[in-house]
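Here are my notes from going through this model, in numbered points. Have it open in your viewer while you read.

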Amino acid sequence: IYMEEPDGSVTPHEAPTDMGLSLMEFLKASEYDILATCGGMALCATCCVDVLEGEDQLNEMTDDEYAMLDTLPDVLPNSRLACQLQLSNNMDGLKVKLHGVS
Ligand code: FES
């Protein structure tokens, strides 16, 4: 997984795919500034990320995720809730940035 940092640089991460972690939990553990206030229930949208590469590798949005994203004023077509993305081998090469961070 590649993270685009606020300064535009890109940090590669090895994410464990065998622990049942979500991308949100992994980013939090990696000390990214991600609030995840609702703890992964698709209710707060503070875990929102923008997918820069590999969007088609991700699981489909659930109605809950879609509905939550829909409440964000600045949502992008490639925005996802990181708590709804379970880490998997399919995510190899995925590139994301925190939503709202330029
Ligand atoms: Fe709240 Fe993802 S942690 S919506």
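1. The cut-offs: buried takes 20 or more other C-beta atoms within 10 Å of the residue's own, exposed takes 12 or fewer, and partly exposed is in between, with C-beta atoms placed from the backbone. A36 sits in the loop between α1 and β3, and its phi is near 50°, a positive value in a residue other than glycine.

2. Ground rules, before going further. This is a predicted model, where local features need pLDDT of at least 70 and side-chain atom pairs count only at pLDDT 80 or more, while totals for chains, interfaces and linings use all residues. Residues are numbered from 1 along each chain as its sequence is written. On confidence (pLDDT is the predictor's own score for each residue, from 0 to 100), the protein chain averages 95, and 99% of the residues score at least 70. For the complex, the predictor gives an ipTM of 0.99 and a pTM of 0.95.

3. Back to that loop for a moment. A45 is also found between α1 and β3, and its phi is near 65°, again positive in a residue other than glycine. A45 counts as buried because it has 21 C-beta neighbours inside 10 Å.

4. Overall layout: the protein chain has 2 helices and 5 strands, and along the sequence they follow the pattern β-β-α-β-α-β-β. (Both come from DSSP runs, numbered from the N terminus: H or I of at least four residues for helices, E of at least two for strands.) The C-alpha atoms fill a box of roughly 30 × 30 × 25 Å, taken along the principal axes. With 102 residues, a compact globule would have a radius of gyration near 13 Å, and the chain's 12 Å agrees. That rule is 2.2 Å times the number of residues to the power 0.38, with the radius taken over C-alpha atoms.

5. Now the sheet. It is open, has 5 strands in the order β2-β1-β5-β3-β4, and its pairing is mixed. β2 and β4 (79-81) stand at the edges with a single partner strand each, so one side of each has no neighbour in the sheet. Neighbouring strands are turned by 35° against each other on average, direction ignored. (Strands pair if DSSP finds at least two bridges between them; axes are lines fitted to C-alpha atoms, for helices over the stretch in contact, and angles run from 0 to 180 degrees between N-to-C directions.)

6. How do the strands pair up around β5? β1 (residues 2-4) runs parallel to β5, joined by 2 bridges, and Y2 has K95 as its bridge partner. β3 runs antiparallel to β5, with 4 bridges. Going through that pairing, E53 stands opposite K95, V51 opposite V96 and V49 opposite L98. β3 is also antiparallel to β4, through 3 bridges, and C48 has L81 as its partner there.

7. Contacts at the chain level (C-beta atoms, placed from the backbone, within 7 Å): residues 24 or more positions apart make up 66% of the contacts with a separation of 6 or more. Buried residues are 25% of the 102.

8. P12 belongs to β2 (residues 10-12) and is exposed, because it has 9 other C-beta atoms within 10 Å. P12 and D56 lie 44 residues apart in sequence and 19 Å apart in space, C-alpha to C-alpha.

Definitions and conventions: Contact = placed C-beta atoms within 7 Å.
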